[in-house]
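The following paragraphs lead the reader through one protein chain, from its overall layout to its details. Please keep the sequence and the model in view while reading.

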Amino acid sequence: MSKKDKKDLEQEELESAHIETAEVEEQVVEEQTVEEKLQSELKQEKDKFLRLFAEFENYKRRTSKERMELFSTASEDVMKTLLPVLDDFERALSHIGDDKEAEALRKGVLLIYNKLVGTLEQKGLKVVAVEKGDPFNADNHEAITQIPAPTNDLKGKIIDIVEKGYKLGEKIIRFPKVVIGH
């Protein structure tokens with residue numbers, strides 16, 4: 001072989017080696033890109049899973065809270081309908097107390113009233129505590145009227161309680177109706 005043939009042969013071998021090296025490098029780059037694609041897809045799927053899991057946990061917490069509220073206030077409608085009956089008992093007791101001859105009747109009505117109040121308290125009904133002279137709070141009281149305050153220290157305060165307020169658990173189901181001084 002001549003020198004030219006050897007040089008051409010060597011040149012061809014070098015070129016084929018470069019081509020093979022380039023092909024191997026391309027395959028490595030392709031493999032890395034495939035691996036990188038898989039890694040990014042895995043990361044996206046993990047993110048979707050975590051978001052879905054967090055959303056499900058929030059749903060469980062929310063429905064559990066709603067269920068607890070429902071159980072605690074399930075009897076709210078019944079309680080609201082019984083409150084006027086409770087008010088009637090209180091009015092009857094105040095009028096019977098004036099009559100000395102109806103002592104036996106007063107004791108019977110008082111017994112029934114106490115039994116009704118006890119049963120309602122067992123079911124979570126509580127009286128909203130309001131005293132004459134307390135400061136008026138629009139969040140907890142319902143003002144039905146204003147009258148001139150008998151003294152300056154009663155301005156903006158509760159002068160009279162017309163109707164008791166009640167709450168069921170922590171929720172006020174009837175605000176106390178009060179008269180405030182101005």
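The chain contains 3 helices and 6 strands. Here helices (H or I, at least four residues) and strands (E, at least two) are DSSP runs, numbered from the N terminus. Read from the N terminus, the elements follow the order α-α-α-β-β-β-β-β-β. The model is predicted, so that local features need pLDDT of at least 70 and side-chain atom pairs count only at pLDDT 80 or more, while totals for chains, interfaces and linings use all residues. Residues are numbered from 1 along each chain as its sequence is written, and side-chain values use heavy atoms, with hydrogens and water left out.

Some totals describe the chain as a whole. Of its 182 residues, 18% count as buried; buried means under 20% relative accessible area, exposed over 50%, and partly exposed in between (1.4 Å probe, protein chains only). Among contacts (heavy atoms within 4.5 Å) with a separation of 6 or more, 63% are between residues 24 or more positions apart.

Rings of Phe, Tyr and Trp (its six-membered ring) pair if their centres lie within 6.5 Å; planes under 30 degrees apart count as stacked, over 60 as edge-to-face and the rest as tilted. The pair Phe-49 and Phe-53 is stacked, because the ring centres lie 6.2 Å apart and the planes meet at 25°. Both residues belong to helix α1 (residues 3-72), where a spacing of 4 residues separates them by about one helical turn. Phe-49 is exposed, at a relative accessible area of 53%, and Phe-53 is partly exposed, at 45%. Another pair, Phe-89 and Tyr-113, is tilted, since the centres are 6.3 Å apart and the planes stand at 50°. This pair links distant parts of the chain, with Phe-89 in helix α2 (residues 76-96) and Tyr-113 in helix α3 (residues 103-122), 24 residues apart. Phe-89 and Tyr-113 are both buried.

The interior comes next. A nonpolar core is a set of buried Ala, Val, Leu, Ile, Met, Phe, Trp, Tyr and Cys residues joined through side-chain atoms within 4.5 Å. The largest such core has 16 residues, of which Leu-86, Leu-125 and Ile-173 touch the most other members. Two or more residues come from each of α2, α3 and β4 (166-168), and α2 gives the most, with 6 residues. Not counting residues up to four places away in sequence, Leu-125 touches several residues, including Met-79, Leu-83, Leu-86 and Ile-173. A second, separate core of 5 residues includes Val-128, Val-130, Ile-158 and Ile-180.

The strands remain. Strands of a sheet pair through backbone hydrogen bonds, either parallel or antiparallel. In this chain, 3 strands form an open sheet in the order β2-β6-β3, with mixed pairing; two strands pair if DSSP finds at least two bridges between them. The edges are β2 (142-147) and β3 (158-163), each with a single partner strand, so one side of each lacks a neighbour in the sheet. β3 and strand β6 (residues 177-181) pair in the antiparallel sense over 4 bridges, and Glu-163 has Lys-177 in β6 as its bridge partner.

Finally, His-141 lies in the loop between β1 (125-127) and β2. His-141 counts as buried, because its relative accessibility is 10%. Leaving aside neighbours within four places in sequence, His-141 is in contact with residues including Val-130, Ile-158, Phe-175 and Val-178.
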